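Please consult the sequence and the structure shown below while reading.

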Amino acid sequence: KDDEVVFRAYSPGGSSLLTDEEFARMFAASQIVAQGGVGELSAVDLRNQLSGKAASVSPMIADLTEGLSGSASPQDLETLFQLIYLHVTAPRKDAAVFAAFQQQAAGFLANRSASPQAAFSDTIAVTMAQGHPRATPISAARVQGLDLDESFAFYQDRFADASDFTFVFVGAFSLDDMRPLVERYLGGLPSTGREEQWRDTGIRPPRGVIRKEVRKGLEPQSMTQIIFTGPFEYTAENRHLVRSLVSAFDIRLTERLREDLGGTYSPQVGSSYSKEPLEGYSIRVGFGSDPERVTELVDAVFEEIAQFQSDGPRPEHVAAVAESQRRSKETDLENNQFWLANLMASDMYGQDPSFLLDYGLIESLTVDALREAAMRYFDLDNYVIVTLYPEAQQP
């Protein structure tokens, strides 16, 4: 795009450096502080000051990192850098905004507690983290326990040293235009030279086969999710294999569950993987259905998994996945956010980003490769299955 500049910045540490008890009081620190504005400007004043300008910056404190993200039009680049500087050096504490945040969150959570879908997703989250205190669902009590002063102090600490921050910019700019802005605003950020790293807080998925049922609500509808997890070697090849396996399985499962059995409108198959704090993957298979048909449809899912493991996906499905990936790659390579996310990840994990230009993995995709991936990543000795039933429904 000729009218867009996007950026992200990250530094190791994040909320992992808090104890579990501290995390309970400060888990929303970046959100709370960001809502207060910057410097002498409240959030409302800041919006007024930015009227007519296309520039925005959002700070974040994630599990393992802290950082910033944002975007601007090329003509508003200096405003973008000013916002970066202010969010790092001049956060603003606003007690009235904090009180409003707590009140709004309490109202939202009061309504959420009656939701069957919320109970379902909360059960999954707690189960997948084995009840770790950091994975406890957000409740009104947790929101009321937030501490503004501690959250503000933690935010200041996370942004007190910019020497270990990495900034990635993508978009319509020249290096000549960027250099004085980088030197003035990023070069002027505080730097103490401290050395730190994120801390492994010990959240791990469970091992073995775990089945859970949630009974909530009166609607005659069920939701089911089957989650496979395990160790993972974080390479471009393995990430591509998992994505391709999921795509091929999604095609076949749609044919079986929706078209052949008429049991669900649209099954969903998704994947994720992590490099830190440990290498791992997750494949999720989900669908909604009539409660009376849950067992039938779950059995069908595992029948299709067995088919993939013995014979692999159909050749026409592999071809369809490869063609879809070619089209997506052509689009991705024209997308600033694609480059931003992947350049940052490549830097973060010490990988050569040149693989982003390579079509070799797509062209080498085969039935046998996905059959072997199905054997490896659909671990039938290690998965979680959670089903939501209406309160009066017996499975």
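Predicted model: local features only at pLDDT ≥ 70, side-chain atom pairs only at ≥ 80, totals over all residues.

Residues are numbered from 1 along each chain as its sequence is written, and side-chain values use heavy atoms, with hydrogens and water left out.

**Overall dimensions**

The chain has 15 helices and nine strands; these are DSSP runs, numbered from the N terminus (helices H or I, at least four residues; strands E, at least two). A compact globule of 395 residues would have a radius of gyration near 21 Å, and the 24 Å of the chain agrees with this; the radius is taken over C-alpha atoms, and the globule rule is 2.2 Å times the number of residues to the power 0.38. Along the principal axes, the C-alpha atoms fill a box of roughly 60 × 50 × 40 Å. The accessible surface comes to about 19300 Å², and carbon and sulfur atoms account for 49% of that area (Shrake-Rupley method, 1.4 Å probe; for residues, only the protein chains shown count as cover). Of the 395 residues, 43% count as buried, where buried means under 20% relative accessible area, exposed over 50%, and partly exposed in between.

**The four-stranded sheet**

An open, antiparallel sheet is formed by four strands in the order β2-β3-β1-β4. Its edge strands, β2 (55-61) and β4 (166-171), each pair on one side only; two strands pair if DSSP finds at least two bridges between them. Helix α4 (residues 77-89) packs on this sheet and touches β1 (5-12), β2, β3 and β4, its direction making about 30 degrees with that of β2. Contact here means heavy atoms within 4.5 Å, and axes are lines fitted to C-alpha atoms, for helices over the stretch in contact, with angles from 0 to 180 degrees between N-to-C directions. Within the sheet, Ile 61 has Glu 66 in β3 as its bridge partner.

**Strand pairings**

Strands of a sheet pair through backbone hydrogen bonds, either parallel or antiparallel.

| Strands | Bridges |
|---|---|
| β2 and β3 | Seven bridges |
| β6 and β8 | 10 bridges |
| β6 and β9 | Six bridges |

Strand β6 is mostly covered, with eight of its 10 residues buried. Pro 231 stands opposite Gly 280 in β8, while Met 223 stands opposite Leu 388 in β9.

Helix α10 (residues 236-260) has 25 residues and reaches 35 Å between its end C-alpha atoms, close to the expected 36 Å. The expected span is 1.5 Å times one less than the number of residues. Just after α10, Gly 262 takes a positive phi of about 60 degrees.

The 18 residues of helix α11 (residues 294-311) should span 26 Å, and the end C-alpha atoms are 26 Å apart, which agrees. Its buried residues include Val 294, Leu 297, Phe 302 and Glu 304. The buried residues of α11 pack against β6 (222-231), α10, β8 (280-289), α15 (367-377) and β9 (383-389). Just after α11, Gly 312 has a positive phi of about 80 degrees.

**Gly 188**

Gly 188 lies in the loop between α9 (175-186) and β5 (209-215). Because its relative accessibility is 37%, Gly 188 counts as partly exposed. Apart from residues up to four places away in sequence, Gly 188 touches Tyr 85 and Glu 183.

Technical notes: Buried < 20%, exposed > 50% of the residue type's maximum accessible area, 1.4 Å probe, protein only.
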